[in-house]
Amino acid sequence: MKNVSRITYVITLTVFFVTCASTVSANKTDWIDKNYKFSNIQRVYLCKVDTSSFKVLDELTAEKIQNTYKNFAGKLKDVVFAEDKKSADVKIIPTINVWENSSRFVPERVEVYYEGYEERRVKVSEGEWKRERGHYKTSHTYFPGANRKEKRFPAHWDYDSELKVSFEIYDIASGKLIMSRIDTRSRGTANSQPKMFERICKSFFKDFNKKLL
């Protein structure tokens, strides 16, 4: 591969959406060497997922992480996975930077609101108005004729799972970084990292595969 001047660009994508069960957020940042000939890549060396930044990880989860990473890497088209990095064109270094669970206690609360038919003024003739029953209304503030209601929310625990994963791809011959991604996700449920890691790997290798074509 020829050495070319490097022109780089950064893509940042942030997505926030709410599901019925939980709140999910995702933030993805890419750095790519725009002039690198990705189509020349034929042999790829996969480094193991680096999980050294956090200590509490059971053996089963650690094994699942490595297998998930390899399974999605295996979907790359028209490349061979090298046993030795020296015989590869590029190497991929994945790192789990954050794997955290948090929780907070939310005390019981009562929400007060008002329901009823809201009266409205209707003009009958010149200078003459009358009141009649209008549409059914729900409001947090009182209005004439409304009935006071209460909605009780029991005390509960809120949980959150956070995961941050980075991928770096280096050209073996030059040792230069040609592509990187930082993908940070959180979900409002406990211990959601394995599922989020699957989605992160799927997204990364799907996008990397497009570069190879």
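## A surface pair to start with

Is Glu-150 buried, partly exposed or exposed? Glu-150 counts as partly exposed, with 44% relative accessibility. Its salt-bridge partner is Arg-148, and the closest N and O atoms of the two are 2.8 Å apart. Please keep in mind that this is a predicted model.

## Salt bridges around Asp-207

The structure holds 10 salt bridges, and some of them join up: Lys-28, Asp-30, Arg-181 and Asp-207 are linked in a network. Let's take Asp-207 as the guide. Its side chain meets that of Arg-181 in a salt bridge, at 2.6 Å from N to O. Because Asp-207 lies in helix H2 and Arg-181 in strand S10, this pair ties together parts that are 26 residues apart in sequence.

Asp-207 also forms a salt bridge with Lys-28, where the closest N and O atoms are 3.8 Å apart. Here the link runs between distant parts of the chain, from Lys-28 in strand S2 to Asp-207 in helix H2, 179 residues apart. How well covered are these residues? Arg-181 is buried, at 1% relative accessible area, and Lys-28 is buried at 17%.

## A buried aspartate

Asp-183 sits in strand S10, which spans residues 177–187. Asp-183 is buried, with a relative accessible area of 0%. Its side chain makes a polar contact of 3.0 Å with the side chain of Arg-185. Beyond its neighbours within four places in sequence, Asp-183 is in contact with residues including Lys-28, Asn-27 and Ile-200.

In soluble globular proteins, nonpolar side chains tend to be buried together. In this model, the largest nonpolar core has 31 residues, and those touching the most other members are Ile-41, Ile-92, Ile-96, Phe-197 and Phe-208. Helix H2 (193–212) is among the elements giving two or more residues to this core, as are helix H1 (59–73) and strand S5 (90–106). The largest share, 8 residues, comes from H2.

Two of these members are worth a visit. Phe-208 is in contact with Phe-38, Ile-41, Leu-76, Ile-92, Ile-169 and Met-179, leaving aside neighbours within four places in sequence. Ile-41 lies in the loop between strands S2 and S3 and is buried, with a relative accessible area of 3%. The C-alpha atoms of Ile-41 and Asp-171 are separated by 9.3 Å, although the two are 130 residues apart along the chain.

## A nonpolar patch outside

Phe-105, Trp-157 and Tyr-159 form a nonpolar patch on the surface, with about 350 Å² of accessible area together. Tyr-159 belongs to strand S9 and is partly exposed, at 42% relative accessible area.

Conventions. Residues numbered from 1 in each chain as written. Predicted model: local features only at pLDDT ≥ 70, side-chain atom pairs only at ≥ 80, totals over all residues. Heavy atoms only, no water. Helix = DSSP H or I, 4+ residues; strand = E, 2+ residues; numbered from the N terminus. Buried < 20%, exposed > 50% of the residue type's maximum accessible area, 1.4 Å probe, protein only. Polar contact = N/O pair within 3.5 Å; in protein donor to acceptor, adjacent residues only side chain to side chain. Contact = heavy atoms within 4.5 Å. Core = buried A, V, L, I, M, F, W, Y, C linked by side-chain atoms within 4.5 Å. Patch = residues over 30% accessible without salt bridge, like charges linked within 9 Å, V, L, I, M, F, W, Y side chains within 5 Å. Areas by Shrake-Rupley, 256 points an atom, 1.4 Å probe, with all protein chains shown as cover. Salt bridge = Lys/Arg side-chain N within 4 Å of Asp/Glu carboxyl O.
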